[in-house]
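Welcome! Take a moment to look over the sequence and the model below, and then we will walk through them together.

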Amino acid sequence: MKEMFRLMLLPLQAPMLLVLMGVSTYQGMHWSHALDAGGNRMQELTTLFWSAECLQAMLIVFVCTMPDLVIRQVSIVMAASRVVSLVVTLLLVTVGGLYLLHLNVLANVLIMGSAVLLARLDLLRVRVVPPPLVLAGVLSLLVLGGANFGRMLVR
């Protein structure tokens, strides 16, 4: 019972969770405005666009929640040989740079990433440290729930 009460008070103890929810709600509203602006042709691609934005948000949460695991796996792949290291680096820089700069999503990625990192630090401050996979799942649910709430607000 005491643990359940502590979890219910968690948003008051770690207010950055509320900030993360607000940021994801705003992002969901922003994504919905982008869908409405396109007209008839864009309505055909609505589900694809929404799925891509949600996948991007989940990827941001995953990378920001478990950076040590992600960097360790990339390091193992890159340590295999110099050729693999060069190919992986060129691929990441080229594709990542084109994606972030050409599609104008750099600001969204930075805002969402900052909010996730602040929520993670706030949870660490109040000594709530679940396993990384559980934390990534909970924060993903929080972000996707906020984005869906923002999408419902616009409609």
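Let us begin with the cysteines. The structure holds 0 disulfides, a disulfide being a pair of cysteine sulfur atoms within 2.5 Å. Cys 54 is in no disulfide, and the nearest cysteine sulfur to it, that of Cys 64, is 16 Å away. Cys 64 is likewise in no disulfide, with the sulfur of Cys 54 as its nearest at 16 Å. Cys 54 counts as buried at 13% relative accessibility, and Cys 64 is buried with a relative accessible area of 13%. Here buried means under 20% relative accessible area, exposed means over 50%, and partly exposed lies in between, using a 1.4 Å probe and protein chains only.

A word on what you are looking at: this is a predicted model, in which local features need pLDDT of at least 70, side-chain atom pairs count only at pLDDT 80 or more, and totals for chains, interfaces and linings use all residues. Residues are numbered from 1 along each chain as its sequence is written, and side-chain values use heavy atoms, with hydrogens and water left out.

**The overall picture**

The protein has 9 helices and 0 strands, where helices (H or I, at least four residues) and strands (E, at least two) are DSSP runs numbered from the N terminus. Along the sequence the pattern reads α-α-α-α-α-α-α-α-α. The C-alpha trace spans about 55 × 45 × 20 Å along its principal axes. Of the 155 residues in the protein, 29% are buried.

The UniProt record, in an unreviewed entry, places the feature "transmembrane region" at residues 49-71, 83-99 and 133-154. Its positions are given in the numbering used here, feature names are shortened, and annotations may be inferred rather than shown by experiment. In the model, residues 49-71 are 96% helix and 0% strand, with the end C-alpha atoms 28 Å apart. Residues 133-154 are 100% helix and 0% strand, and the end C-alpha atoms of that span lie 32 Å apart.

**The nonpolar core**

Which residues touch the most other members of the largest nonpolar core? They are Leu 17, Leu 20, Leu 123 and Leu 139, in a core of 24 residues. A nonpolar core is a set of buried Ala, Val, Leu, Ile, Met, Phe, Trp, Tyr and Cys residues joined through side-chain atoms within 4.5 Å. The elements that give two or more residues to this core are α3 (16-36), α5 (46-65), α8 and α9 (132-154). Helix α5 gives the most, with 6 residues.

Leu 139 has its place in helix α9 and counts as buried at 1% relative accessibility. Its C-alpha atom is separated by 26 Å from that of Leu 101, 38 residues apart along the chain. Thr 65, in helix α5, counts as buried at 2% relative accessibility. The C-alpha atoms of Thr 65 and Leu 117 are separated by 7.3 Å, although these residues are 52 apart along the chain.

**A charged pair and a loop residue**

Side chains of opposite charge can pair when their charged atoms come close. The count here comes to 1 salt bridge, meaning a side-chain nitrogen of Lys or Arg within 4 Å of a carboxyl oxygen of Asp or Glu. Asp 122 forms a salt bridge with Arg 125, the closest N and O atoms being 2.8 Å apart. Both residues lie in helix α8 (residues 106-125), 3 residues apart, which is about one turn of the helix.

Arg 127 sits in the loop between α8 and α9. Most residues other than glycine have a negative phi. Arg 127 has a positive phi of about 60° although it is not a glycine.

Here are some accessibility values for these residues and for one we meet next.

| Residue | Relative accessible area | Class |
|---|---|---|
| Asp 122 | 7% | buried |
| Arg 125 | 49% | partly exposed |
| Arg 127 | 69% | exposed |
| Leu 7 | 53% | exposed |

**A patch on the surface**

Leu 7 is in helix α1 (residues 2-8). Met 4, Phe 5, Leu 7 and Met 8 form a nonpolar patch on the surface, with about 490 Å² of accessible area together. Patches are made of residues with over 30% relative accessible area and no salt bridge: like charges are joined within 9 Å, and nonpolar side chains (Val, Leu, Ile, Met, Phe, Trp, Tyr) within 5 Å. Accessible areas come from the Shrake-Rupley method with a 1.4 Å probe, and for residues only the protein chains shown count as cover.
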